[in-house]
Amino acid sequence: MNDKNAHPTTNGIDLEFDRDHLWHPYTSMKAPLPVYPVVNADGVYIELETGERLIDGMSSWWSVIHGYNNPSINDAIQQQLSQMSHVMFGGLTHRPAVELAKKLVDMTPKGLDKVFLADSGSVSVEVALKMAIQYQLGKGYKNRNKFITLKHGYHGDTFGAMAVCDPKNSMHSLYDGMLPQNIFVDAPTSKPDQQFDPSDLEPLKQAIELQGSEIAALILEPIVQGAGGMRFYHSEFLAGAKAICDASGILLIADEIATGFGRTGKLFACEHANITPDIMCLGKALTGGYMTLAATLCTDKVAQGISDCDAGVLMHGPTFMGNPLACAAANASLALLQKGEWLQQVTQIEKLMKRELAKAADLNSVQEVRVLGAIGVIEMKKAVDVGEIQKAFVKNGIWVRPFGKLVYIMPQYIITEEQLQFLCTKLIQVLSEQKG
Ligand SMILES: *Cc1c(COP(=O)(O)O)cnc(C)c1O
């Protein structure tokens, strides 16, 4: 082990054991980057065992929107814990699940009336893909079992989900022969604040003309392509794609796992185009970032189609489906959203980030700065050294985790103007001090 990869040990959290035995996301067991030991998280602060308090710029990957250690979500979980933490969902039901389904039907675009509760975003995508295939079977289409999707997309890490992720980013080459072959079209290039270029829809149109009879559904991330490149695109593309799908019997699956619950400035990104997708996936911020829970919603039409296929049922049922604790957390988080403050918070965050992050555009190392809702992206000309830059961020009191060329923040909705100012200033300061 060379010095660069040597990890500090602290008395409490056994970092040596962590390094030797514990996988972290997308890491090597041979030469893992250092991880920072956290002992506490409260509001927008993450506290390290080594004493630093960091302002969270990541919302723990889009999920913690109301702050860590949120009193009302804490209360809801504690109350649920004293009643029951879990019961199987086969043949049983409970108030937290029913309340959650009511809220989701109520909040999501009109027409999404049927709710499947899943354990993670990736699983909710698997469920959506199954729904689409079973729907087409129910309609008598045995060959409609492929998916069409956009390049630069990200939909999760399980096999079905991975098969609709960008083939390069998710390294499809590693799993040759194991991945179903889907259809990838160029992602739109018109940005939200530009004039829409209708030729953005051509690749999709052409592919569907050619292979439409084999396609069950189009799956995409509405308006913001997240982990596949943090790209923003025009709402008219989304509206146009929906119309093309409708005209050719192809379902539209909107993966709102990252964009859902206010992040883009609308409660759901589909609202930018005023569409109701046939199927919608939700996750990440669903529980306010407290625990894993996801949902796949569909329209009555889709549900009827599924029930008409030979199986007669939707073939999925996770052990921890509808976990009451997770539902209770989600209900409390959604209740906070329903108060409506998120809109003003996200609008303020967008305004401040537009002003402050624009300053990064002056740096030689920066390719482009873009902001949409509570998402701020600084695209660098070259990939950053994550280990090095992470160290500098921590030293400066902020938690930001870039990938590749993308340095981005998606603050919690509750962040104050002062805290956000600090986050943006330190972020740009660190970038300006980077070598190369
Ligand atoms: C994170 C994410 C997923 C996967 O969710 P997990 O909970 O990590 O399985 C799927 N789609 C999108 C758009 C995501 O951002």
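Predicted model: local features only at pLDDT ≥ 70, side-chain atom pairs only at ≥ 80, totals over all residues.
Residues are numbered from 1 along each chain as its sequence is written, and side-chain values use heavy atoms, with hydrogens and water left out.

A nonpolar core is here a set of buried Ala, Val, Leu, Ile, Met, Phe, Trp, Tyr and Cys residues joined through side-chain atoms within 4.5 Å; buried means under 20% relative accessible area, exposed over 50%, and partly exposed in between, with a 1.4 Å probe and protein chains only. The largest core has 93 residues, and L204 and F261 have the most contacts inside it. Helix α13 (residues 417-433) supplies the largest share of this core, with seven residues. Helices (H or I, at least four residues) and strands (E, at least two) are DSSP runs, numbered from the N terminus. A second, separate core holds 27 residues, including Y135, F147, A217 and C281. Returning to L204, its contacts (heavy atoms within 4.5 Å) are with I148, V185, L218, F237, A241 and I244, residues up to four places away in sequence not being counted.

Strand β5 (residues 146-150) is largely enclosed by the rest of the structure, because four of its five residues are buried. Two strands pair if DSSP finds at least two bridges between them. On that basis, β5 pairs with strand β7 (residues 215-220) in the parallel sense over four bridges, with K146 bridged to I215 of β7. Strand β6 (residues 183-185) also runs parallel to β5, joined by three bridges, and I183 of β6 is the bridge partner of I148.

A further set of pairings involves β11 (279-282). In a regular strand the side chains alternate between the two faces of the sheet. Both faces of β11 are covered: I279 and C281 are buried on one side, as are M280 and L282 on the other. Strand β10 (residues 251-255) runs parallel to β11 and is joined to it by three bridges, with A254 opposite M280. The pairing of β11 with β12 is antiparallel and has four bridges; here M280 is the bridge partner of L297 in β12.

T259 lies in the loop between β10 and β11, where it is buried with a relative accessible area of 1%. The T259 side chain makes a polar contact with the side chain of E256 at 2.8 Å. A polar contact is a pair of N or O atoms within 3.5 Å; within protein, one must be able to donate a hydrogen and the other to accept it, and residues adjacent in sequence count only if both atoms are side-chain atoms. Leaving aside neighbours within four places in sequence, T259 is in contact with P222, V224, T264, L267 and A269.

K284 is found in the loop between β11 (279-282) and β12 (294-299). An unreviewed UniProt entry annotates K284 as "modified residue: N6-(pyridoxal phosphate)lysine"; UniProt positions are given in the numbering used here, feature names are shortened, and annotations may be inferred rather than shown by experiment. K284 counts as partly exposed, at 31% relative accessibility. Residues up to four places away in sequence aside, K284 touches W61, W62, S63, I257, A258, G289 and L293.

Most residues other than glycine have a negative phi. N69, which is not a glycine, has a positive phi of about 55 degrees; this residue sits in the loop between α2 (59-62) and α3 (71-83) and is partly exposed at 42% relative accessibility. H152, also not a glycine, has a positive phi of about 70 degrees. The place of H152 is the loop between β5 and α6 (159-162), and its relative accessible area of 30% makes it partly exposed.

Finally, the cysteines. With a disulfide taken as a pair of cysteine sulfur atoms within 2.5 Å, the count comes to zero. C327 is in no disulfide, the nearest cysteine sulfur being that of C281 at 17 Å. C327 is buried, with a relative accessible area of 0%, and C424 is buried with a value of 0%.
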